[in-house]
Each structure stands twice: as structure tokens, then as C-alpha cells.
Amino acid sequence: MALVLDRLPGIVDRFPGGSILVTSIDAVINWSRSNSLWPLAFGTKCCAIEMLMATGAPHQDMSRFGAEVARQSPRQADFMCIAGAIVKKMAPRMRMLYEQMAEPRYVMATGSCAISGGPFMYNSYTIVRGVDEVVPVDVYVPGCPPRPEAFFYGLMTLQKMIRQGTSIREPGVRRKPVMAALPQGITMDDIQGEMRRLLEADNVVNVAEEAGEKIWTEKIRIWMEKHLYKP
Amino acid sequence: MMNLATITSPMDHPYTTTTVSDRAADALCGNLLLSVLYMVIGLVAVAGLVAGLGVVLIYVERKVAGHMQARLGPMRVGPHGIFQTVADTLKLMLKEDIIPAKADKPMHLVAPMLAMAATILMLAVIPYSNNLQIVDLNIGVLYVTAVSGLGVMGILLGGWSSYNKWSLIGAMRAAAQIISYEVSATLALLAVVLFAGTLSLAGIVESQAAGWWIWRAPVVGVVAFLIYITASTAEINRTPFDIPEGESELTAGFHTEYSGLRFSFFFLAEFINMFVVSALAATLFLGGWMPLRIGQFEPFNSIMGLVPPSIWFLAKASLVTFAIMWFRWTFPRLRVDQLMRLEWKILLPIGFVNLALAAVAALFGLYFFSGP
Amino acid sequence: MSVSLRTLNDVVRPPTTAASALATQEYFVNMGPQHPIAHGSLRLVLRLDGETVKEVIPVPGFVHRGIEKMCEHLGPRQIVHLTDRMDYLSALMNNWALAMTVERAAGIAVNERIETIRTLMAELQRLQSHVLWWGVLGMDLGAFTPFLYGFREREVIGEIFEETIGARLTMNYIQPGGLMYDIHPGFARKVKDVARYIRPIIDEYDTLLSGNVILQERLRNIGILSPEKAVALGCTGPVVRASGVPYDLRKVEPYGVYGKAEFDVVVGTVGDCWDRYCVRMEEMRQSLRIIEQLIDNIPEGPHMVVKYGARIRIPEGIHYGQVETARGVFGVTIVSDGKGEAPYRMHFRSPSFNNLWAVTALAPGWRIADLIAIQSSLDLVIPDIDR
Amino acid sequence: MALAPGSSKRDKVNRPAVSVPVEALAALAPKLRDDPALRFDLLLDHTAIDWIADGRFELIYHLYSTVHGHHLTLTTSVSRENPVVPTVGAVWPIAHWQEREAFDLMGVLYDGHADLRRLFLEDDWEGHPLRKDYKDDSMLGLPK
């Protein structure tokens, strides 16, 4: 099915008025995709309790969004909710699960551990500082752990993103990530840039030097190449 | 429709079942165009029924589950989330269809179709109303038991071809379970067949004009009904017998490696199977589309007769469906050996004894409301 | 000297071919790290013969964040927030273990009010943890509804924490030298309301799940752990108590104000999954008993005896302290060299780490479904194993 | 004290503590468990400390008796160069895994351990992270 859709614009655009057809089909497709987000519960740590269990519980009730159908098989899930710290041992497994998911797939990084390493940022020898070094992330939900309300805001942000986007996407091309608890339009790059500017301006610490020219990113890349299962 | 009060004997029964296939056959003799029209109507009706039934049942299941669990269930898509399953179905259709690299490709593709086909074939013989039935086979009960066995082929193939150990374990469990419980389900059906004296489902419904077999046959009817419900809940892999896809044990069981449309086939087949089982229970034990009647208490009977037969059928089937959903959200899962023990050591002996008793009862005409 | 190092590949040997035409072939299956039973990310390598489990090889470490290394760079106050993130379902009790060890080492005497509030909070959290465990056990055994009921009550208790502490899961509340915040004026009334609400709810749990024939069939006489074996395998908490060893730190070496409260240590007789289930069910009632005794007489006093922000120096030596969390004995070993605030070496004895290995002794010979029941009855928290 | 020659009281521990020479450990462990007066049947915890300045590892065994309800902290020392210690897994089975943890993170080698392999880290991990001289490029120090 996905194959046909990928070729759809090429066929339709030749006809006058074809784009109307594509846009209206797009609207329907996006409506269905945004309203039927089945999570792959990828909980490793405390966030799993809040993100994947408490949100499904009667007080918060994830089922209102139609997202209570938590699939344990990545093949059937729509978005991977990464809840908790990802360490080097887990990173190749997580990447593999992501690759096993069927398109369209989305990734939500919940909790500061998943976003940046959080409380384990410093002096930890195993932590992956941000899951976006391993898988592309669509929505970030900050918090330690985030409240279920924050999760819902993240879910609704994801829905909004799906509705605004086109359903026909180039493989491998991803949107800029959106921070769930921040106003629209501010991206991680903005925040990282701002943090870098602030830190450099204060001359408290040279981030690049302290981080060894982002050496851990390179480390993770090498680690992943070494450990990722290749059929 | 004639008044029920005027029935005098089963011979001049007011309900005459005309099936879709009968009409098509009639038309074929006369007008070719009309017969084609009938066939197209039949096909569209089946497709619509399957899709509609699946969507409605999944929605109802999620709502029932939600309300049993002190929450709401889908609320966001449409009023009270009524379009939730529509969105789900659309999404599943548009999702990438993955075939694992080492999977047995042809079998992997065929398996969900097989599961679905078995389900759809079962829908053909169910008498939905006094004048709505796709085809009235004179060996209806035999056909049902034969075709329901096809579904297990789909599950077995799906699990085998996925090249996944969990899938295989799930498939093996499913095969063992479904084949075992089919024996008990069939034994329970046979009790009714003995009383009704026919294998045709329409005929069985008509034989219940004086009273439903569940209570018309003394005790054996109830026992057979309970055995049938238990065994068929196991046959369709619902909790407490959902070991083939037990989430906490086997990740997702036999359909672990299925995605998109093919997964939705398995998903849909499970729910429609549930309806088929409920419909069969309603047909065989609860009088099908027959209204509720109490012996010769005519005022009551005539009021009941005002309700259209299809509503009666739907109401009974829904009741059984609800009960099966209720099981799911109440019971823990059985272990695999406990499951087998329940079948071979408890249900099967009871089933045999029950069948023997039913034979005695039928031989001597020992049933209530033996008819005017 | 015969030290031979091994790798996982040495342990997971390729299956041998069947000995005869009738013999069945064994095979290995990975359960986890991403598996619903893992409750996080634990990998169990199973050697199976059909449905029967022949061997379980747990492979932890999928959430190993190196907390012990991090602690060597942090002061005691900063370490408190790392203890939250080990056994997050007993976060307050973990906080307490660290706070208690630091206080005893540094010679800080806390007042009665602090101890009473700590005890109350710990018992509330034990209740919350057991409620959650009950729900998860139901889900693991295939009954999804108890899971949601369990979480319903978890939220009710969680509201007390939210009101007092401001956090829902990682509390960071019990600090060396006192409490992060004082309790609010309506605390006692609120706790009493919740206690009154929970008591009939636990009876409701019994009617909903405990009496179910299928549940009892799934739990009774499954995974029997004898008292000797339980102690030898280092099990603590409800696991060892279910085997009949009355080892409960709250009674054996009372800390906080447990010495004043009246409660019973719940012990099992058989040591099977059902006993572990019953022990936890009864512990909920005992926790309620403690709460009801203490809630009416919280003494007055400051909530912090150390000036906030003051440096806490731990004298040189090895300091060991332990508390009874919802899962068992949580021990803290602080090794200090007397220089600076950060400990020289920090080690945590986590109950889940020690309870986990009971699986390897219990599961062989049972079916896959029993393995699920056994693991669920041990009530493991994976980040607590991995640290 | 009488049970193991060469043992001495370990100071600066907040519990009863004894330091024994590493050679005496293998013989002492069964006595500690089986002696009717001691009956230390529960090994609560086992870990190692890297005293890099002294060039030795100190191993700690926290013992508890569920029969008598008393504690003992047993310590022993080995050199950093050749950290080989006899295993006590035969006496307290839980030591099996606690020793694996100490091996994984500290690099202490246990003589006679049947299954000595990494516990938390991958099998191909280099170094033992809890050693004081452990260096890892992917570690990030706290900003000053």
C-alpha cells in the first residue's frame, strides 16, 4: 500500500486539478493517522510508569485518544514512546526496534533521560545523551518524569504535526523536532544554540571543549556500528 | 406477517425461509441479468457486513472495556469516538506491509486471507432473519464445524511462516487449543441436532418455534449451551483462553510479524469470529430469530411477535457477544496444560454424557412444550 | 589459580540435535529486553523444551547508568535524587536509606516529627507500590482490568504525594537532616480519608482477583521457594517472608518510629507464588494499620535540623545502613576517605538485584506461563537491578 | 577471631567488622555459615573498594544471621595487580551474582567461579568502570 502512495503524486500531478485530489486524500489519510496512534511501549525506567501506565489508567485515560492499543510488537505500532534512559547496551536494540516498525512511524522521547541523558548526563559511562543520536525523534516531552498531562500535550502535538504534514514523505526526510512543552515554532536547535551562546558568553565553560568536541556522539556512532545486528 | 396466535401446527408454519442463494437460483432460471444483480448484491452485502461488523464490534469492545475499567474508552474522534475504528482501519490499510526477510513469503501472504476466508464462509449459513440467509445448506451444522477448522490453518501458517520463535509457539498453542476445543463445541451442537432432527440451521431455528432448545430440552440444553460457549470462546482465542496471543507471554503471538492490512485481517477475523460464535449460539440454543414465547400464553406471545425477527436475532447475538467481552475483561489467562486439562478431562466427558442424555430425551420426547 | 572468563556466547550454546527420533530438541528464546514481562528492560534468555523452561539466564544491564560511579562525584544531598531513580516505586524509602546512613555517619540527630512523617510517607509508598504490583500481576496473568483498578488507587495515594512533595514519582523528599518540605495543614485529614477509602478497596481486590479459580490455579504451588533456599539466594522482603522467614527490618532493627507502631510481620507457609501474593495483600492492610496509628499524633518540631545548604561531611570509614522497602532490604554502603563531601565509594544493595536470581532457581521445570507468574510474584523493578 | 588466623578487627565501620587475610577466606566462609553460634546464612551484600593509593582492593561482605539476628561485616584485601579472590558462591549462592557484579565493574577475579562473565556491561567492554583509574572518552565531567 505504501508503495503505491509513494508514486501517487507523480501520476496525479500531470492532470490539471490533480493536486486537489491529493490534498483531499491527504486530509483523510492524515486524519486517520493522527487519530489512530498506537504506541510501542518502550519503557526502560521510571518514565514508563508515568508515560505508559499512568496515562492509560482511569485518571488520565489514554484511550480517549484511541491510543490505548499498546502494541508489544513493533510491526503494528505507529509511534515509539521512549520512556526512560537509554544506555549503550540498549541503543542498538532500540534502533533495531525502530527499524522493525512499519512506516509511517513516529518517535516520541519522553523524559529528560531520553532527551538528553537528564540526571545521568555527567560522569556516567554508559548513558546515551539524547536518543536523537540513535533514532530520529519527532516530539520531545520534557520532565523527570513528565506529568501525564505533558504526555498528552506531546501526543496532541504529534497529532497536529501529522495533520499539518503531508502523508507522502520522502523516506529518511524528517521534520525538525518540536518540543512539546514549548511554544510552537521553537525547535531543539534553537534551544541548544541558545544554551551554547549563553554558556560561551558567560565564559563559565567551553561546551565544545568540555564535551571533547562532541566526542560522545562519535563514540555512540562507532558503538552502534559495532553492535547493531545486521541480517 | 401472520399473527403468531394463529399457529396451529408446525406444518403450516408462517415463517418461510427464502435465502439469497435461493433467489439467485430462481432468477438464474429466468433472467440472467437479474441473477447477476443478486450475486453482486450478495457480494456487496457480505463485504459491507464484514467491514461494518468488524468496525462496530471493535468500537463496542473498546467502549465496553473502557466502562468496565472505570474509564471512558475512545472519545476524541467523532461524538463518543464513534469514528475511532474507522480511523484505525484506514490507518492500518495505509500502513507499510512488512514481510520479514527470512519469512516464507507465499505462506505469509496467504495466512491472513485464510483466516479471514474461514470467517466469511461461516457468515454464509447463519439465518439472520426469517427471510435473510445467504444460503441454507441442509448440512449447515456440519459445514460450520468444517469451515471453522479452516481458520486454524491461517493461524498456523501465519505463525510458521513468520520466522519468529514467538510466532511459532503461538501458532502451535493455537493449533492444539482450537483442534481440542472443536470436539467439545461439536458435541454440544450435536445435542441440539438430535432434538431438532435436522442439520440445516434454518430448520433448527424453525424447530424452536414452540420454545428455545436451551430450556426446552430439560437440563441438557443448558449444559450444552454452557459447553458450547466455553469451547467456542477457546476456539476464537479470547480470554481466558487467549494463550496463542497472550501478550505478557508471547509478545503478540502468531501475528507478531504482521503489520498493516494483513494484521488487520487477523484482528478483524478475531472479532467477526466472536460474532459468528454468538450468532451460532443464538441460532442453536436461543431460538435464532424466533421471538420469546411462553407455551400457550398467547397475549404475551403475540406482543413478542410484534418485534421483527432480525431484531430478535441481533439482540440475542449481541447478548452472547457482550458476555464473551465480559469474560475477556474479567478473567486471567489459563496456562497451556490447564487449558488442555479443562478440555480433555472436564468438558469432553461432560459433553459425551450430555449427548447420551440428549439422545435419551430426544428418543422418548422428554422435552418441555412438546408442541400442540 | 583457575580464573576463566566467559561471555554470553559461551552460555548460550547452539542447540544440540535430538538424541533419538522421539527426543525433542531444545531451543533458546530471548525474552526481552523489550518484552511486556520485562516491566522495563530485562533480558531473559530461556532454554526451552517445547513449553517447558529448562534454564533461565537473566541478562541485566539494559538500564545500567553507572549510578555508583556518579555518586563518587556528588555530595550526599545530590545523591538523594539518584536514589529515586533506582527503585522508583519505593523512591521515598530509598531516599530514607541514604538519609539515615548519612545522618548516622555524620552524627545528625533528627527529631520525632521528621521520623514520624518519614514513616508515614514510607508506608504510604509501600501501599502504593503494592497496589501497583497487584495490578501488574493481574495484567501479567492475562486479566487486564486489575491493572487499571490498581492504577486508580495509585493515583489516589499519589495525590497525597503531589500535594505534599510536588512530585508524582521521583520524590527527592527525605533529605539527610530532615525533609525537603513540611507537611501541609490538611495532610492528616487527607491521609485519613485515603486510608478510609483504601481499606474496603483491598477487600474489593480480593473479590475481584484473589478468589478467582484461574488465578489460584496459576499461582498455587508454582515456584516453591523453601526458606533455606530463599535465604541462600539472598532474597529479602515479601519474597523471603512468603517462604516463612520473618525477616522484616521494621521489626528486626526498627528505624524511624516503627518501634512505636503496632503491626504484624506477615509470613507465608509454603513459599509459592500464591504465598507471595497473599503476603503482599496482607502487607497492604498492615501498612494501613501503621498509618492509622501514627497519623493522629505527629509531634511538633522543625522539618529540617540541618541548615539547608550546609555541607555534610561524612567521617572516614565504611558506613552501612539499610531500610525495608516494598521489595526488600535496600542497603547503602558509603565509603568515605574523610576528604570532601563526595564519598570515596558508594554501593547500593538493591532488593530487586538479589531477588531476581530466584528466577533461575524457580523457573526450570515449569512452563513459560509459570515463569511469568514467578517473575511477577517477585515484583522486580529493573532499574533497581541495574542501577 | 579464633576461626581465622591472621584476622583483625576492621576499624571505622559502623557495624561489627573483621578483616581477614584473603587466603583464609575460603576456609572461613563455611564456618561462618555453619557454626551454631554464628549461623551467618544471609549474604546481604558484597562489593569491592578500589584503594588506589594503597594499591589494593578491599572486598566487603555484609553478613546477617536470620537465626540469631546479628550482623558481621567481613573485609579482605587483595592487590590491584593480581586481584584473585576465592569465590564464596558455594557457601552463599547469591555471591555468584554479586561477585559477577564486582568483576564487571571493578575487575576483581574470583577463583573457582563457574560462570565469571560481565553482568551489566557488554562482553566486549574495555576496562572496569568503577576503578579509580578508569578512563572513558564518552564520560563527561561536571562543569566546574
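Select helix 2 (residues 95-106) of chain D: this helix lies across strand 3 and strand 4 (56-64) of chain D, running at about 15° to strand 3 of chain D. Axes are lines fitted to C-alpha atoms, for helices over the stretch in contact, and angles run from 0 to 180 degrees between N-to-C directions. Helices (H or I, at least four residues) and strands (E, at least two) are DSSP runs, numbered from the N terminus. This is a predicted model, in which local features need pLDDT of at least 70 and side-chain atom pairs count only at pLDDT 80 or more, while totals for chains, interfaces and linings use all residues. Residues are numbered from 1 along each chain as its sequence is written, and chains are lettered from A and ligands numbered from 1 in the order in which they are written.

Next, show the strands of chain D. Five of them form an open sheet with mixed pairing, in the order 1-2-5-4-3; two strands pair if DSSP finds at least two bridges between them. Strand 1 (8-9) and strand 3 (42-51) of chain D each have a single partner strand, so one side of each has no neighbour in the sheet. Strand 2 (residues 17-19) and strand 5 (residues 71-79) of chain D run parallel and are joined by three bridges. To find one bridge partner pair, pick D:Ala17 and D:Thr73.

Now select chain C and chain D together. Their contact takes 40 residues from chain C and 35 residues from chain D, with residues in contact if their C-beta atoms, placed from the backbone, lie within 7 Å. The side of chain C that touches chain D has 18 nonpolar, 14 polar and eight charged residues. Here Ala, Val, Leu, Ile, Met, Phe, Trp, Tyr, Cys and Pro count as nonpolar, Asp, Glu, Lys and Arg as charged, and the others, Gly among them, as polar.

Switch to chain A with chain C, where the contact takes 26 residues from chain C and 31 residues from chain A. Helix 6 of chain C gives the most to the side of chain C that touches chain A, with four residues.

Stay in chain C and select helix 7 (residues 187-210) and helix 12 (residues 273-294), which pack at about 165° with their axes 10 Å apart. These two helices of chain C are therefore roughly antiparallel (angles over 145 degrees). Their contact includes C:Ile198 and C:Ile202 of helix 7 and C:Met284 and C:Leu288 of helix 12.

Last, go to B:Glu206, in helix 7 (residues 201-206) of chain B. B:Glu206 is buried, with 22 other C-beta atoms within 10 Å (20 or more count as buried).

Note on methods
Two residues are in contact if their C-beta atoms, placed from the backbone, lie within 7 Å. A residue is buried if 20 or more other C-beta atoms lie within 10 Å of its own, exposed if 12 or fewer, and partly exposed in between; C-beta atoms are placed from the backbone. Angles under 35 degrees count as roughly parallel, over 145 as roughly antiparallel, 65 to 115 as roughly perpendicular and the rest as oblique.
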